[in-house]
Amino acid sequence: MLESESTQPAADGGGQGKFALVSIRLPVALTFAALVGGLLAGIIGAASGAPAIVTEIAGLVGGLWLRALQMTIIPLVAALLVLGLVQMIFAARVGTAARRMLAVMVAVQLAGGAFTALFMPALLKAFPVPQGASAFLADSPQDVGEVPGVLDFMASLVSPNVIAAAAETAMLPLTLFFVMFAVAITRLPEDQSERLLGFFHALGNVMLMIIGWVLAIAPVGVFALAYGVGVQSGGGAFAALGHYVLTVTMMGTFVLLLAYVIAIALGRTGPRFATAVLPAQAVALSTQSSLASLPAMLDSAGRLGLRPSTSEFVLPLAVVIFRATSASMNLAVVYYIAALAGVEISPAIAVAGILIASIISLSAVSLPGSISFVVSIGPIALAMGVPVEPLALLVAVEMLPDLMRTLGNVTMNVAVTSAVDRAADGAQEPT
């Protein structure tokens, strides 16, 4: 994902270079307050016997806002996927250091996704979703959760009509198509590739403006949706949200610990990595922004004795195209919703989810967390047959697991830099 962890009111600079994206201000704190207020209002309304028409009106308002949020997912994901993948391909052409960095980044994303696919179901089995949480599925369609057979799943990977696939929100064939599309763009003559990139850049910015307008009224939509949940589930909704935050955060903890393993094993930093990275971690937790933590990350790299030529190349690039916790924590959200909906995740679907989560993680450069939460997790959920409707409420509490996202991302960025620097040392050693 291109910027999954920032929940600051504005985007972190809105992008980088020719792929710059528009800056959007989001009412994050107000949306969280609307969630709490809506749940409390629903609980009070149910206890006091509020007229049913109030719940119906709240459902209408919340449903309209939810559909407005959903309508931008496919075009925005298409634009950001193309821009993100093209940017990665261009980066890989820079030199050996970039290719080493990208190899470690891909391995981290796949490892994080695999960890969640294996351990999140076990965690939810040991600590089940609290009663009353099913109210979060009130606006979800009833036909989700159909698990295809292996052959049907393989056949679904390629669609004969990409327009029909988009209309049906078939994310597996769409993702594969746009991956090939991005690769093909890099093989075109420069003038043609620039025109296509300009189109997707403009498309992405237009969709960001629209979703920014929709999220600007998020407090209204979230309050309306939360009211209905409060009416149905009562205080159980708060228990479910707390349970959700803790379980998703635990999956991100794996990536944080993996960063120390990479730094010590591949970067050969020894125990001093823990103390050297502390200043960057402090900035990450206080700002919830990888970009704002970049100077502190460069300082941590200097404390580790890494070459400036390595850190000054790897860290800025990592801030743009690498979100270490994305695959792990985004999949965790999908698995949580699957548990809510009673959706069975087969091994084939799990593998597809890991791959799509890793690919989608490249597609949200410097976006605020509220946007990247929906844009990055929505396609994974659609591909795995999991309803996306609960995301409209879960986005309101993203500011809490977002702390782990930023902490894990910043720590991993420094760890990857140490691994790339050590690999460059090894390449220079005489044989």
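## Salt bridges in a predicted model

In this predicted model, Glu398 has a relative accessibility of 2% and therefore counts as buried, since the cut-off for that word is under 20%. Its partner Arg405 is likewise buried, with a relative accessible area of 1%, and the side chains of Glu398 and Arg405 meet in a salt bridge with a distance of 2.6 Å from N to O. Side chains of opposite charge can pair when their charged atoms come close.

| Salt bridge | N to O distance | Relative accessibility |
|---|---|---|
| Glu398 and Arg405 | 2.6 Å | Glu398 2%, Arg405 1% |
| Arg303 and Asp299 | 2.7 Å | Arg303 51%, Asp299 36% |
| Asp191 and Arg195 | 3.9 Å | Asp191 44%, Arg195 55% |

Where do Arg303 and Asp299 lie? Both belong to helix H13, which covers residues 294-303, and because they are four residues apart in that helix, about one helical turn separates them. Arg303, at 51%, counts as exposed because the cut-off for that word is over 50%, whereas Asp299, at 36%, counts as partly exposed.

Asp191 and Arg195 are both found in helix H8, residues 190-216, where they are four residues apart, about one turn of the helix. The closest N and O atoms of this salt bridge are 3.9 Å apart, a distance that counts because the cut-off is within 4 Å. Of these two residues, Asp191 is partly exposed at 44% relative accessibility, while Arg195 is exposed at 55%.

Notes
Residues are numbered from 1 along each chain as its sequence is written. This is a predicted model: local features need pLDDT of at least 70, side-chain atom pairs count only at pLDDT 80 or more; totals for chains, interfaces and linings use all residues. Side-chain values use heavy atoms; hydrogens and water are left out. Helices (H or I, at least four residues) and strands (E, at least two) are DSSP runs, numbered from the N terminus. Buried means under 20% relative accessible area, exposed over 50%, partly exposed in between (1.4 Å probe, protein chains only).
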